[in-house]
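Below is a short note for a colleague who has not looked at this structure before. Please read the points with the model open.

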Amino acid sequence: MPELPEVESLSRFLGERLVGRSVARVYAVAVHALKTYDPPVSALEGRVFEGVERRGKFLDFGVGGLHLVMHLGRAGWVRWSERLPEASPRPDKGPLALRVRLGDPGDGAGFDVTEAGSQKHLAVYVVRDVLEVPGVARLGPDPLSEGFTAEAFAGLLAGESRQVKGVLRDQSVLAGIGNAYSDEILHAARMSPFKLAARLSEDEVARIYEAIGRTLREAVERARGLALKDLKAEKKSGLRVHGRKGEACPVCGDTIREVSFSDSSMQYCPTCQTGGKVLADRRMSRLLK
């Protein structure tokens with residue numbers, strides 16, 4: 001799933017290529033991905049791109065007073081092309097969900113929004129106000145914003161009865177962190193994913209806060225300047241524990257372990273994070289007694 005660093009890189013890449021250029025045609029190929037109908041996607045045609053921003057894990061394209069907003073879900077992606085195919089795309093054929101063709105004279109450039117796999121979580125909105133998108137309206141503070149201080153983070157955790165892994169992934173608490181980077185952050189902070197947030201000491205809160213900023217900024221920096229087709233590979237190569245079950249921890253050499261759930265999994269290092277204890281691999285996991 002694209003998370004904050006990948007979406008940040010997408011927004012920068014696309015912003016550099018889109019601002020000041022006009023929309024010639026929008027093809028809503030996968031109708032199920034379109035979550036709004038007024039204004040229609042055709043209302044974007046003839047308007048000029050004014051900017052591209054990241055809002056949590058959402059991409060927000062400002063287009064002539066309207067907003068084209070998308071959440072890429074688990075398997076969505078954006079593919080830039082200097083020359084799109086001339087033929088109109090056929091609906092419900094392959095992974096293509098949305099195509100935007102630019103309207104500059106003699107220009108065939110544009111981008112495709114695709115979604116792989118059978119689970120369809122891609123969501124596309126055309127709205128007059130970005131806060132009309134429910135997921136955007138619910139977003140918590142951005143962990144890369146200037147206002148996200150150590151004190152603000154401590155305040156978010158105060159009274160939280162949930163496990164810290166779940167708190168980090170909650171978009172209404174922090175915007176942009178998902179399954180992969182929450183694993184990476186907790187490994188960097190030497191913290192069990194199942195520790196209750198309300199029971200964290202001041203030192204533990206400080207360690208997690210520092211790990212959030214360092215992990216996300218390093219990931220954004222690694223992706224800087226990469227072509228869109230290379231971002232996924234860069235994310236995978238930069239992860240130290242997530243998706244690396246059975247490999248050696250790069251810090252201590254212990255074997256990276258996994259806890260599986262019905263629709264996801266997480267990875268951690270017992271030595272670095274749980275005092276050597278192995279977490280039970282079941283849905284309602286507890287530390288083994």
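1. Asp230 is partly exposed, with a relative accessible area of 31%; here buried means under 20% relative accessible area, exposed over 50%, and partly exposed in between, using a 1.4 Å probe and protein chains only. Asp230 sits in helix H7.

2. A word on the source. This is a predicted model, in which local features need pLDDT of at least 70 and side-chain atom pairs count only at pLDDT 80 or more, while totals for chains, interfaces and linings use all residues. Residues are numbered from 1 along each chain as its sequence is written, and side-chain values use heavy atoms, with hydrogens and water left out.

3. Helix H7 (residues 228-238) packs with helix H1 (residues 4-18): the axes come within 11 Å and cross at roughly 160°. H1 is therefore roughly antiparallel to H7, a label for angles over 145 degrees. Axes are lines fitted to C-alpha atoms, for helices over the stretch in contact, and angles run from 0 to 180 degrees between N-to-C directions. Helices (H or I, at least four residues) and strands (E, at least two) are DSSP runs, numbered from the N terminus.

4. Which residues of H1 and H7 make the contact? H1 contributes Glu6, Ser9, Leu10, Phe13 and Leu14, and H7 contributes Leu228, Leu231 and Lys235; contact means heavy atoms within 4.5 Å. By class, the contact of H1 with H7 has five nonpolar, one polar and two charged residues. In this scheme Ala, Val, Leu, Ile, Met, Phe, Trp, Tyr, Cys and Pro count as nonpolar, Asp, Glu, Lys and Arg as charged, and the others, Gly among them, as polar.

5. Helix H3 (residues 150-157) and helix H6 (residues 202-223) pack at about 115°, with axes 10 Å apart. Ala150, Phe153, Ala154 and Leu157 of H3 meet Val205, Ile208, Tyr209 and Ile212 of H6. The residues of this contact are eight nonpolar, no polar and no charged.

6. Why is helix H5 (residues 179-188) described as largely enclosed by the rest of the structure? The reason is that ten of its ten residues are buried. Among them are Asp183, Glu184 and His187. The buried residues of H5 pack against H1, helix H4 (164-169), H6, H7, strand E10 (265-268) and H8.

7. Arg190 follows H5 and lies in the loop between H5 and H6. Its phi is positive, about 60°, although Arg190 is not a glycine. Arg190 is partly exposed, with a relative accessible area of 48%.

8. Gln273 belongs to helix H8 (residues 270-273) and is buried, with a relative accessible area of 7%. A polar atom of the Gln273 side chain lies 2.9 Å from the backbone oxygen of Met191, and a polar atom of that side chain lies 2.9 Å from the backbone nitrogen of Cys269. Leaving aside neighbours within four places in sequence, the contacts of Gln273 include Leu186, His187, Arg190 and Tyr268.

9. The peptide bond joining Asp38 and Pro39 is cis, with omega about 5°. Pro39 is found in the loop between strand E1 (23-28) and strand E2 (49-55).

Methods. Polar contact = N/O pair within 3.5 Å; in protein donor to acceptor, adjacent residues only side chain to side chain. Parallel < 35°, antiparallel > 145°, perpendicular 65-115°, else oblique.
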